[in-house]
Amino acid sequence: RAAQKRHGYLRASMTAISVNLRGKTALGIEDNSFGNLFVAVPIKFIPDETKMELHHFVQLFRTTLQEARNVYTKASSADEIFLMVQKFQDQVQKELGDKEVDTRLSTSLRRFPLYGADFGWGKPSWIILGNVGGRPEMFCLLDTKCGTGVEVRVNLNEVEMPIFESDPEIVSVTSVAAR
């Protein structure tokens, strides 16, 4: 809706959310092995095909991510996984280059023990993320410090952020911790 107000019409939008592939393939890769094993899964909103209510977006995310997981659980070789990751990456890059598609990057750091890290001066009281990858428009999911909730960090440009923050549906399901 923020992009719709900005552009004057409802446009297609896409987010790419990182999905950890450890434990989700048949390759038997250990959870504690070294290196990254993830894929950026594109999730696309298409006007007139997807409804605008928040619960419809949540369902779109769940369905798309489950379909991606199903694809990867069937992979029988590292080469097959690489080709699947490349296919998703090509989709994301295509959308990032389309000026008629609003793109937002996203990631989830849920279930990472960020609040448990102690480098000698104590555990953190609050986790702050910087501008990841030089892209100002993105969102990140984190566990709350108490571990019973989910924090969503939203970074938007200065035109869209006030529109997003005042959206009645967003306001009804959120609390703002800091500005």
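Here is a short tour of the model, stop by stop.

This is a predicted model, where local features need pLDDT of at least 70 and side-chain atom pairs count only at pLDDT 80 or more, while totals for chains, interfaces and linings use all residues. Numbering starts from 1 along each chain as its sequence is written, and side-chain values use heavy atoms, with hydrogens and water left out.

Start by selecting helix α2 (residues 54-73) and helix α3 (residues 78-96), which pack at about 155° with their axes 10 Å apart. Axes here are lines fitted to C-alpha atoms over the stretch in contact, with angles from 0 to 180 degrees between N-to-C directions. The two helices are therefore roughly antiparallel (angles over 145 degrees).

Now show side chains: A68, V71 and Y72 of α2 meet I81, M84, V85 and F88 of α3, contact being heavy atoms within 4.5 Å. By class, that's seven nonpolar residues, no polar and no charged ones.

Next, pick V39, V41, L65 and Y72, which have the most contacts inside the largest nonpolar core, a set of 13 residues. A core joins buried Ala, Val, Leu, Ile, Met, Phe, Trp, Tyr and Cys through side-chain atoms within 4.5 Å, buried being under 20% relative accessible area with a 1.4 Å probe, protein chains only. Zoom in on L65: not counting residues up to four places away in sequence, L65 touches I17, V19, V41 and I43.

Last stop: D48, in the loop between β2 and α2. Its phi is near 70°, a positive value in a non-glycine residue. At 83% relative accessibility, D48 counts as exposed (over 50%).

How values were computed:
Helices (H or I, at least four residues) and strands (E, at least two) are DSSP runs, numbered from the N terminus. Angles under 35 degrees count as roughly parallel, over 145 as roughly antiparallel, 65 to 115 as roughly perpendicular and the rest as oblique. Ala, Val, Leu, Ile, Met, Phe, Trp, Tyr, Cys and Pro count as nonpolar, Asp, Glu, Lys and Arg as charged, and the others, Gly among them, as polar.
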